[in-house]
Amino acid sequence: MQIIKYPARSAWNELITRPALDVTNLFDTVKEVLEDVRLHGDTAIRKYGEKFDKVYLDGLTVTEAEFREADELISGELKDVIRKAKDNIEKFHAAQAFHGNRIETSPGVTCWQKAVAIDKVGLYIPGGTAPLFSTVLMLAVPARIAGCKEIVLCTPPNREGKVHPAILFAAKTAGVSTICKAGGIQAIAGLTYGTESIPKVYKIFGPGNQYVTAAKQLVSLRDVAIDMPAGPSEVQIIADAKANPAFIAADFLSQAEHGADSQSILVTTDEGLSMDVMEAIDEQLAELPRQEITAKSLNNSRIIVLKDEQEIIDFTNLYAPEHLIIQTENYQEIAEAIENAGSVFMGAYTPESAGDYASGTNHTLPTNGYARAYSGVNLDSFIKKITFQEITPDGIRELGKTIEVMAANELLDAHKNAVTVRLNTL
């Protein structure tokens, strides 16, 4: 892991680079699978499941018997904490409900918006090295609150053809409509085009590997909406001389265990802190089970010493981290100056893990600098806003001339005429 001291601003663009993969070289492979599923439905899904997940499935949809089996396999303790996390996520997202106001923009001209749920949404939950049942809650709970009529979840099965019981319990608790045993490109294809078992949806949410990322990018060009561009997970920590090095090391390592391409960055004005953090990382890493993945991720990570607080704020807004942890005495002041971040964790006792699981905020966030323009998943992600307007006879008299002149100057005479014929009747 690098320690960089007092870099010039001209070097910052290099320091904010992520270990993100260029997925464009996967597009040929991805297109082949997408087209195969579009044409051959479940048959293609089964074929690729056998090829990539090493299991052939007669049925792709999770049955009620499998839900009952999962319920028996989950401990009471895990059930309780899933329900607790679900309740907090529900409270936070329910508070985001949209209330449209009718506005009279001119006399007799009234405009307003109405929020309408996206009818059918698809949730992709990776298999991989960890069962991400927390992501099920983060996506399904706001989808249900928004009023989505159909919530379809795809996740790869294990080699016995089973879905992890915690994923099934979380899905049932959160209100998922249908769960299909499909992973990777073929799952994205199934959600995009629909098959005999997988319903077609209008928007796809959820993280995935580079093939899933490439598939989501391609299908979003013309076939279906997606949540946001995605890349490897990342955290930035801002800390001062009084920060606890053990806390910072723990946050570094919790991020690093996401995957070998994750990134952790510490930004500070205190040179001494960097060595204390390095020592704490070595001590804690020795006790962790996912050491190989975590150690590789730390190769992408760095500690940067800057000259003052303003440089820290400027660097942070340039980096635009997915997760930002602020462990300084004046964390409130620094947080107020942050404009680009996915989710901010304020104070020494607010680890990223809280937002990842149970505080209530959503953990599906923009990575790779996209926080400069994108929000994380929230209630609005699952709704559309439709605008309405109503104009009375007095209203068209008031506004008509404005519309006519604007249309005429854009050389769109039919637009002008649509107003003129109405005015001529009054």
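**Reading sheets, a cavity and a buried loop residue**

Modeller: Helix H2 (residues 27-53) gives the largest share of the lining of the largest cavity, namely 5 residues. The model is predicted, and the values discussed here are computed from it.

Biologist: How many cavities of 30 Å³ or more does a search of the whole structure find?

Modeller: The general idea is that a probe the size of a water molecule, rolled over the atoms, shows where empty space is left. Here the search of the whole structure finds 1 cavity of 30 Å³ or more, and the volume of the largest cavity is about 60 Å³.

Biologist: Which residues lie nearest the centre of the largest cavity, and what is its lining by class?

Modeller: Of the 13 lining residues, Ile45, Gly49, Leu57, Leu60 and Lys181 lie nearest the centre. By class, the lining comprises 6 nonpolar, 3 polar and 4 charged residues.

Biologist: I turn to strands. Which way do the residues of E12 point?

Modeller: In a regular strand, side chains alternate between the two faces of the sheet. In E12, His323, Ile325 and Gln327 point one way, while Leu324 and Ile326 point the other way. Strand E12 (residues 323-327) is mostly covered, with 5 of its 5 residues buried.

Biologist: Which strands pair with E12, and over how many bridges?

Modeller: Strand E9 (residues 234-239) runs parallel to E12 and is joined to it by 5 bridges; glutamine 236 has leucine 324 of E12 as its bridge partner. Strand E13 (residues 343-346) also pairs with E12 in the parallel sense, over 4 bridges. There, isoleucine 325 is the bridge partner of phenylalanine 345 in E13.

Biologist: What is the order of the open sheet of 3 strands, and why is one side of E2 and of E14 left without a neighbour?

Modeller: The order is E2-E3-E14, and the pairing is antiparallel. Strands E2 (103-106) and E14 (383-391) stand at the edges and have a single partner strand each, so one side of each lacks a neighbour in the sheet. From one strand to the next, the twist averages 30 degrees. Strand E3 (residues 109-117) is joined to E14 by 9 bridges, and alanine 117 has isoleucine 383 of E14 as its bridge partner.

Biologist: Which helix packs on that sheet, and what does it touch?

Modeller: Helix H15 (residues 393-409) does, touching E2, E3 and E14, and its direction makes about 95 degrees with that of E14.

Biologist: What is the order of the open sheet of 5 strands?

Modeller: The order is E6-E5-E4-E7-E8, with parallel pairing. Strands E6 (178-181) and E8 (225-226) stand at the edges; each has a single partner strand, so one side of each is without a neighbour in the sheet. Strand E7 (residues 203-205) runs parallel to E8, joined by 2 bridges, and isoleucine 204 stands opposite isoleucine 226 in E8. Helix H7 (residues 184-193) packs on this sheet and touches strand E4 (120-124), strand E5 (150-155) and E7. The direction of H7 makes about 175 degrees with that of E4.

Biologist: Finally, a loop residue. Is threonine 367 buried or exposed?

Modeller: The cut-off for buried is under 20% relative accessible area. Threonine 367 has a relative accessible area of 4%, so it is buried. This residue lies in the loop between helix H14 (352-357) and E14.

Biologist: Which residues does threonine 367 touch, not counting those up to four places away in sequence?

Modeller: With those residues left out, threonine 367 touches Pro229, Ala230, Gly231, Pro232, Ser233, Glu234 and Glu322.

Key. Residues numbered from 1 in each chain as written. Predicted model: local features only at pLDDT ≥ 70, side-chain atom pairs only at ≥ 80, totals over all residues. Heavy atoms only, no water. Pairing = 2+ DSSP bridges. Axes fitted to C-alpha atoms, helices over the stretch in contact; angles between N-to-C directions. Contact = heavy atoms within 4.5 Å. 1 Å grid on protein atoms, 1.4 Å probe; cavity = no way out; pocket = protein on both sides within 12 Å on 5 of 7 lines; lining within 4 Å. Points joined across faces, edges and corners; volume = space filled by probe spheres on them. Nonpolar A, V, L, I, M, F, W, Y, C, P; charged D, E, K, R; others polar. Buried < 20%, exposed > 50% of the residue type's maximum accessible area, 1.4 Å probe, protein only.
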